Amino acid sequence: MKMRLKFIMILALAIITLNSCSVDDGNSTAIINYEALAIESVDLPQSFTFGETHDILVGFDYSNSCQNFAGFEVDSNLNERVITVVASVSNGNCTDEVVRREQNLRFLAASNGTYVFKFFTGFDENNEPTYLEYTIPVEE
């Protein structure tokens, strides 16, 4: 009986503690989904140097004020890279305005030969993905 009373008191204390603490003040915004954004421009070097890290400047547009840069999705297959800009979208009072942004994609040239980059630019009339495509050689 004493053990059961102790268990009930611990359970009650846990319930009170969990119900009294909240990090949500009712005014916060939450990420409600993620979106792929069309890449508008890319600034690539003429060649890469083997073993070095290179910055690739990628330009894209936000279509409203609730979008924020979440990162790059990079799909690799041997020396081919398919790059997509990913935006988080939060709830809140969004304004529809197009804003150009740029982010650096850091790339390590870890292989010899050439790299093929495909930067996602959206979908065509058949709902097929379209890309800006570049072939960049790697020099020793």
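Select Leu78 first, in the loop between strand 5 (67–77) and strand 6 (80–90); strands here are DSSP runs of E, at least two residues long, numbered from the N terminus. Leu78 has a positive phi of about 55° although it is not a glycine. With a relative accessibility of 75%, Leu78 counts as exposed, the classes being buried under 20% relative accessible area, exposed over 50% and partly exposed in between, for a 1.4 Å probe and protein chains only.

The model on display is predicted: local features need pLDDT of at least 70, side-chain atom pairs count only at pLDDT 80 or more, and totals for chains, interfaces and linings use all residues. Residues are numbered from 1 along each chain as its sequence is written, and side-chain values use heavy atoms, with hydrogens and water left out.

**Confidence**

Colour the chain by pLDDT, the predictor's confidence in each residue, from 0 to 100. The protein chain averages 85, and 79% of the residues score at least 70. Next select residues 17–25, where pLDDT stays under 50. For this stretch the model has zero contacts beyond four places in sequence, contact meaning heavy atoms within 4.5 Å. Where pLDDT is low, the predicted coordinates should not be read in detail.

**The hairpin of strands 8 and 9**

Move to Asn127, in the loop between strand 8 (113–123) and strand 9 (129–139). This hairpin has five residues between its strands, and Asn127 takes a positive phi near 65° there. Asn127 counts as exposed, at 57% relative accessibility.

Strand 8 and strand 9 run antiparallel and are joined by ten bridges; two strands pair if DSSP finds at least two bridges between them.

The C-alpha atoms of Ser47 and Ile136 are separated by 5.4 Å, although the two residues are 89 residues apart along the chain. Leaving aside neighbours within four places in sequence, Ser47 is in contact with Ile136, Pro137 and Glu139.

**Aromatic rings**

Display the aromatic side chains; a search of the whole structure finds 13 aromatic pairs. Rings of Phe, Tyr and Trp (its six-membered ring) pair if their centres lie within 6.5 Å, and planes under 30 degrees apart count as stacked, over 60 as edge-to-face and the rest as tilted. Tyr115 and Phe117 form a tilted pair, at 6.2 Å centre to centre with 40° between the planes. Both Tyr115 and Phe117 are buried.

For the next pair, select Phe120 and Phe123. The ring centres of Phe120 and Phe123 are 5.2 Å apart and the planes stand at 70°, so the pair is edge-to-face. Phe120 is buried, with a relative accessible area of 7%, whereas Phe123 counts as exposed at 52% relative accessibility.

Then select Phe48, Phe107, Tyr115, Phe117, Phe119 and Tyr134, which ring pairs link into a cluster.

Zoom in on strand 4 (residues 53–62), which is joined to strand 7 by ten bridges. Asp61 has Arg100 as its bridge partner in strand 7.

**The disulfide**

End at the one disulfide of the structure, a disulfide being a pair of cysteine sulfur atoms within 2.5 Å. Its members are Cys66 and Cys94, with sulfur atoms 1.7 Å apart. Cys66 lies in the loop between strand 4 and strand 5 and Cys94 in the loop between strand 6 and strand 7, so the pair ties together parts that are 28 residues apart in sequence. Look along the S-S bond of Cys66 and Cys94: the torsion is about -100°, so the disulfide is left-handed. Cys66 counts as buried at 4% relative accessibility, while Cys94 is partly exposed, with a relative accessible area of 35%.

Conventions: Helices (H or I, at least four residues) and strands (E, at least two) are DSSP runs, numbered from the N terminus.
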